[in-house]
Amino acid sequence: MAPSPARLTVDLAALARNFHTVGAIAGAPVHPVVKADSYGLGAIPIARRLMAEGARTFFVARAAEGVALRQALGSAPVIYVLDGCVAGTAEDLKAADLRPVLNHGVQLADWRAAGGGACGVQIDTGMNRLGFRPEEAPLSFEGLTLVMSHLACSDDPAQPMNRRQRDAFATAAGRYPGAVRSFANSGGCFLGPDYAFDAVRPGVCLYGGGPEGRPDPRIAPVATLSADVLQVRDVPAEDSVGYSRGFVAEAPRRVATVAAGYADGVLRAYSGGRAGQVWIGGELRPIVGRVSMDVCAVDVTGLDVAVGDAAELYGAHRLLDDAAQAAGTIAYELLTSISRRVPRVYVD
């Protein structure tokens, strides 16, 4: 098969460094979140490397994600399913040795009807997304191994809601002696030791995103989205580039057509202006015109750029959070938007 002109390179050594960095800062065991295919990076190779670094418990969102992970990793790790025991899935969860995080009374009843077993309970401490409200939470029961909640504003350390949620969780978790208490997500790992409890659940910080939605020197870049130059052309003054004359050259420009578009996960929001910048020829240069399905155009005037050279859309030179902020979004969306036609290349 011919090599792809676009690729997502995943640095497993950087992933390992982030795993240990987050654990050291939080002062608690790290239970990685590998839902959504490890935020687009590939759940199975990511989880295998994290297991080699000492991870023994993982979180996914969907039962199908858990089944695939169990088949790949074998019986060793504990795998929790954040959706919980969705109607009709109890037997499948039990067959795959997956632990649902129960979110309401119907799920608890369904799990018990299927024979119960190891599971978690989520307490809603104010996010109003999933989980039992504290006053409706069940009493401790046989098989309960985890109690958790989720921070709504952990990327803003000054937000008073963080402390309110933390205190509410501490009170609620006290009802479940012996269960592992897990509260901190990626941002929560950086809020202080009293947010860590017994185990933390980072996601984006493992994959190169900063805890406050901006680059953090403690977090190493993990993912590099790059694509090859397919063509370089001279564009005369007053000529346009791309659909709908999205860019009109005020002076002669040299433009490279790069093999990555919105079908690959390059957001159309990068079209024009300062939003779309890529690292090419040793500099950050702007995307000009509209991002197309399969390509984008980059102004390389004055640079020594040729067909086959690589452009970095994000990575070590164009940091993930910077790229996300420029497009008006977050690192999570950039990573999970990378399509399956972009091969994942793993380096160590």
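Tutor: Before we start, a pocket here is an open set of grid points with protein on both sides within 12 Å along at least five of seven lines. Keep in mind that this is a predicted model.

Student: OK, how much space lies in the second largest pocket?

Tutor: Its lining has 17 residues, and G208, I219, P221, L319 and L320 are the closest to the centre. By class, that lining splits into 11 nonpolar, 4 polar and 2 charged residues. The space in this second largest pocket comes to about 160 Å³.

Student: And the largest pocket, how much space lies in that one?

Tutor: There, 35 residues make up the lining, with Y39, R129, H150, N185 and Y332 nearest the centre. Sorted by class, they are 16 nonpolar, 12 polar and 7 charged. The volume of the largest pocket is about 650 Å³.

Student: Which element gives the largest share of the lining of the largest pocket?

Tutor: Start with the elements that give two or more residues to the lining of the largest pocket: α2 (35–39), α8 (320–326) and α9 (331–336). Among these, the largest share is 3 residues, and it comes from α8.

Student: What about A36: buried, exposed or partly exposed?

Tutor: A36 is in helix α2 too, and although it is not a glycine, it has a positive phi of about 50°. Between the buried limit of 20% and the exposed limit of 50% lies the in-between class. With a relative accessible area of 38%, A36 is partly exposed.

Student: Let's go inside. Which residues line the largest cavity?

Tutor: The count comes to 3 cavities of 30 Å³ or more, and the largest holds about 50 Å³ of space. Its lining divides into 3 nonpolar, 5 polar and 2 charged residues. By name, the residues are Q122, I123, D124, T125, M127, R129, L130, S149, H150 and Q165.

Student: Now the cysteines. How many disulfides does a search of the whole structure find?

Tutor: A disulfide needs two cysteine sulfur atoms within 2.5 Å. For C205, the closest cysteine sulfur is in C189 at 7.0 Å, which is too far for a bond. The search of the whole structure gives a total of 0.

Student: How far from C119 is the nearest cysteine sulfur?

Tutor: C119 is buried, with a relative accessible area of 0%. C119 is in no disulfide, and the nearest cysteine sulfur belongs to C85, at a distance of 9.2 Å.

Student: Is C205 buried or exposed?

Tutor: The cut-off for buried is under 20% relative accessible area. C205 has 0% relative accessibility, so C205 is buried.

Student: On to strands. Which residue in the turn of the β12 and β13 hairpin has a positive phi?

Tutor: Strands β12 (residues 277–280) and β13 (residues 283–288) run antiparallel and are joined by 4 bridges. Within that pairing, Q277 stands opposite P286 in β13. The hairpin leaves 2 residues between the strands, and the one in the turn with a positive phi, about 60°, is G281.

Student: In β14, which residue is the bridge partner of V288?

Tutor: β13 pairs with strand β14 (residues 296–299) over 2 bridges, in the antiparallel sense. In β14, the partner across from V288 is A297.

Student: What separation do the C-alpha atoms of I287 and L313 have?

Tutor: I287 belongs to strand β13, and at 2% relative accessibility it is buried. Along the chain, I287 and L313 are 26 residues apart, while their C-alpha atoms are separated by 10.0 Å.

Student: In β15, which residue is the bridge partner of L225?

Tutor: Strand β15 (residues 310–314) has 4 of its 5 residues buried, so it is largely enclosed by the rest of the structure. Strand β8 (residues 223–235) pairs with β15 in the antiparallel sense over 4 bridges. The β15 residue that partners L225 is Y314.

Student: Last one: which residues does T57 touch, leaving out those up to four places away in sequence?

Tutor: T57 is part of strand β2 (residues 57–60). At 9% relative accessibility, it counts as buried. Beyond four places in sequence, T57 touches H31, P32, V78 and Y80.

Note on methods: Residues numbered from 1 in each chain as written. Predicted model: local features only at pLDDT ≥ 70, side-chain atom pairs only at ≥ 80, totals over all residues. Heavy atoms only, no water. Buried < 20%, exposed > 50% of the residue type's maximum accessible area, 1.4 Å probe, protein only. 1 Å grid on protein atoms, 1.4 Å probe; cavity = no way out; pocket = protein on both sides within 12 Å on 5 of 7 lines; lining within 4 Å. Points joined across faces, edges and corners; volume = space filled by probe spheres on them. Nonpolar A, V, L, I, M, F, W, Y, C, P; charged D, E, K, R; others polar. Contact = heavy atoms within 4.5 Å. Pairing = 2+ DSSP bridges.
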